[in-house]
Amino acid sequence: MCLFFNALGHDFMSLIPVVGFLLHGSAGPLTARLGGAVLLPCFVDRPLPLEELEVDWRRTDSDTIVHLFQDGQSRPESQGDAYRGRAHFLSQEIPKGNFSLLLDGVRTADAGVYKCVVYTEQEQRETRVEIQEAERLVVTGVDEPVYAHAGEDVTLSCSVDTHVNVTELQVEWRKTDDDGDILVLLYADGENRPESQDERYSRRAEFFTEEIPKGNFSMKLRKVRTEDKGEFRCEVHSDTDSASTTARIAALGESLEGLVLTCIPAYLILPCVWPFRDVLQLQSRQGTYH
Ligand SMILES: *[C@@H]1O[C@H](CO)[C@@H](O)[C@H](O)[C@H]1NC(C)=O
Ligand SMILES: *[C@@H]1O[C@H](CO)[C@@H](O)[C@H](O)[C@H]1NC(C)=O
Ligand SMILES: *[C@@H]1O[C@H](CO)[C@@H](O)[C@H](O)[C@H]1NC(C)=O
């Protein structure tokens, strides 16, 4: 008698909340950063009895199991190799009916459509979530050219925004000229590589070593020369991606003070052409800042 009532009670409890449950996923595609984490949402509108529930997360293209919840527990042993140890249920959230999956160490190959299928004894529901192409390396610099006079030191900006460990990046600063690229500065295998620098830049160009762990690959160029005028490209490569930014050194000349002094007493027109242009460029540069 007692058993009978228990069984009835159990059926009653599972039938009422289970029938017609709604499963929710993501409103739109998700983007993820390379090396970062992304939450793949999948949740029901009410808690479901866990013991008779199965939650199956898969890729739709390959049918690879991303993660599985079965018989009241998560089943990491069933995960496909590509997701082993990288996809996790949120254990405190499961009793609330939240079967969202946290995927970390995002790789380019993670882009694709995933489905979360929730099975109860009576029903099944499915929702799909798309991870768009994993966000690429983002490399930023400064749009404004750097103005300098010969002999001054300048800093050219290059910052990398990524969750990839910087030691896995290769960063090259190149001077890009009509007659080819010159390797100005190189960071590879977690180190600065001065031996590969073009001799014109050896001991003149360097990274701010203490800034590198933050993804700051800005370059310090000492004692700027007239021939440094032009474009420098900061190229960043990871295993799967590349990105770059360009910096420009403009308005090179001799020191402004010196030029003004040499210009005033001179009756010759020609020597004044350069200083004048130099002063004008400096003024127009100030103008853009006001
Ligand atoms: C599910 O759990 C995650 C992680 O705690 C949380 O960010 C998300 O808001 C939860 N979703 C719902 C619907 O509660
Ligand atoms: C990056 O990788 C290096 C070498 O593998 C390691 O020593 C360092 O702790 C890592 N840094 C971070 C922030 O994970
Ligand atoms: C990078 O480091 C240099 C030198 O410390 C600093 O001037 C510059 O502002 C830094 N850039 C960023 C984006 O933090």
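Me: How many helices and strands are in the chain?
Reply: This is a predicted model, and its chain has three helices and 21 strands.

Me: What share of the residues counts as buried?
Reply: Of the 290 residues in the chain, 23% count as buried.

Me: And what about contacts between residues 24 or more positions apart, what's their share?
Reply: Such pairs make up 59% of the chain's contacts with a separation of 6 or more.

Me: Back to strands. What order do they have in the open sheet of five?
Reply: The order is S6-S5-S4-S9-S10, and the pairing is antiparallel.

Me: Which ones stand at the edges?
Reply: Those are S6 (73–74) and S10 (124–131). Each has a single partner strand, so one side of each has no neighbour in the sheet.

Me: How many bridges are there between S9 and S10?
Reply: Eight, with S9 covering residues 112–119 and the two strands running antiparallel. To pick out one bridge, glycine 112 is partnered with isoleucine 131 in S10.

Me: New topic: ligands. Which residues surround ligand 1?
Reply: Around ligand 1 you'll find Leu39, Phe43, Leu90, Glu93, Asn98 and Ser100. That shell splits into three nonpolar, two polar and one charged.

Me: And what's around ligand 3?
Reply: Ligand 3 has Thr155, Ser157, Ser159, Phe208, Glu211, Asn216 and Ser218 around it.

Me: How does that shell around ligand 3 divide?
Reply: Five of its residues are polar, one is nonpolar and one is charged.

Notes: Residues are numbered from 1 along each chain as its sequence is written. Chains are lettered from A and ligands numbered from 1 in the order in which they are written. This is a predicted model: local features need pLDDT of at least 70, side-chain atom pairs count only at pLDDT 80 or more; totals for chains, interfaces and linings use all residues. A residue is near a molecule or strand if its C-beta atom, placed from the backbone, lies within 6 Å of it. Ala, Val, Leu, Ile, Met, Phe, Trp, Tyr, Cys and Pro count as nonpolar, Asp, Glu, Lys and Arg as charged, and the others, Gly among them, as polar. Two strands pair if DSSP finds at least two bridges between them. Helices (H or I, at least four residues) and strands (E, at least two) are DSSP runs, numbered from the N terminus. A residue is buried if 20 or more other C-beta atoms lie within 10 Å of its own, exposed if 12 or fewer, and partly exposed in between; C-beta atoms are placed from the backbone. Two residues are in contact if their C-beta atoms, placed from the backbone, lie within 7 Å.
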